[in-house]
Amino acid sequence: MEVEDKNDVSVAMEVLKANKIRILLYNGIGAAGPGIKRLVELCEKHPYLFTIKTTKTIPEDLLINNYDIIIFPGGTASSQQNNIGKSGIETVKAFIASGGGYVGICAGAYLGSESKDTVTDVPVTKSKNIKRNKTT
């Protein structure tokens, strides 16, 4: 797409600013590794695309009006689950049911899918069940 003049760029930037992706990033007990810092840095490099807030707990007022996506990073899924507790799990489920997005990275993916007490109740496909091509 060619930009006709500076006004086109200004309009495009205003559209981006008005439609920022609002992210809540869990960084409480069970969250670990460099991914948290890297996600924050990425969002801060692109403030016209993202707003990000970190949290050590799940706010009871986690609503689609405040955030578009919640991200659970790597670490230990069981520790994340124990820390947010049943009320946190139910809050995240309600957020997802109302249209909110869930991104799970490593342990966060397991938190979202491993057992009946997790945030999304999506079954995991175990790697031993996946047929892989073997090359010689």
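From the N terminus on, the elements of the protein chain follow the order α-β-α-β-β-α-β-α, where helices (H or I, at least four residues) and strands (E, at least two) are DSSP runs numbered from the N terminus. The chain has four helices and four strands. This is a predicted model, in which local features need pLDDT of at least 70 and side-chain atom pairs count only at pLDDT 80 or more, while totals for chains, interfaces and linings use all residues. Residues are numbered from 1 along each chain as its sequence is written, and side-chain values use heavy atoms, with hydrogens and water left out.

**Confidence**

- The protein chain averages a pLDDT (the predictor's confidence in each residue, from 0 to 100) of 80, and 79% of the residues score at least 70.
- Over residues 123-136 the pLDDT stays under 50, and for this stretch the model has five contacts (heavy atoms within 4.5 Å) beyond four places in sequence.

**Sheet**

- Four strands form an open sheet in the order β2-β1-β3-β4, with parallel pairing; two strands pair if DSSP finds at least two bridges between them.
- Because β2 (50-55) and β4 (101-104) each have a single partner strand, they stand at the edges, and one side of each is left without a neighbour in the sheet.
- From one strand to the next, the twist averages 20°, with axes being lines fitted to C-alpha atoms, for helices over the stretch in contact, and angles running from 0 to 180 degrees between N-to-C directions.
- Strand β1 (residues 21-26) pairs with strand β3 (residues 69-72) in the parallel sense over three bridges, and Leu25 stands opposite Ile71 in β3.

**Helices on the sheet**

- Helix α2 (residues 35-45) lies across β1, β2 and β3 and runs at about 150° to β2.
- Helix α3 (residues 77-97) packs on the sheet, where it touches β1, β3 and β4, and its direction makes about 155° with that of β3.

- Buried residues (under 20% relative accessible area, with a 1.4 Å probe and protein chains only) make up 29% of the 136 residues in the protein chain.
- Not counting residues up to four places away in sequence, Phe72 touches several residues, among them Tyr26, Ile58, Ile84, Tyr102 and Leu111.

Conventions. Buried means under 20% relative accessible area, exposed over 50%, partly exposed in between (1.4 Å probe, protein chains only).
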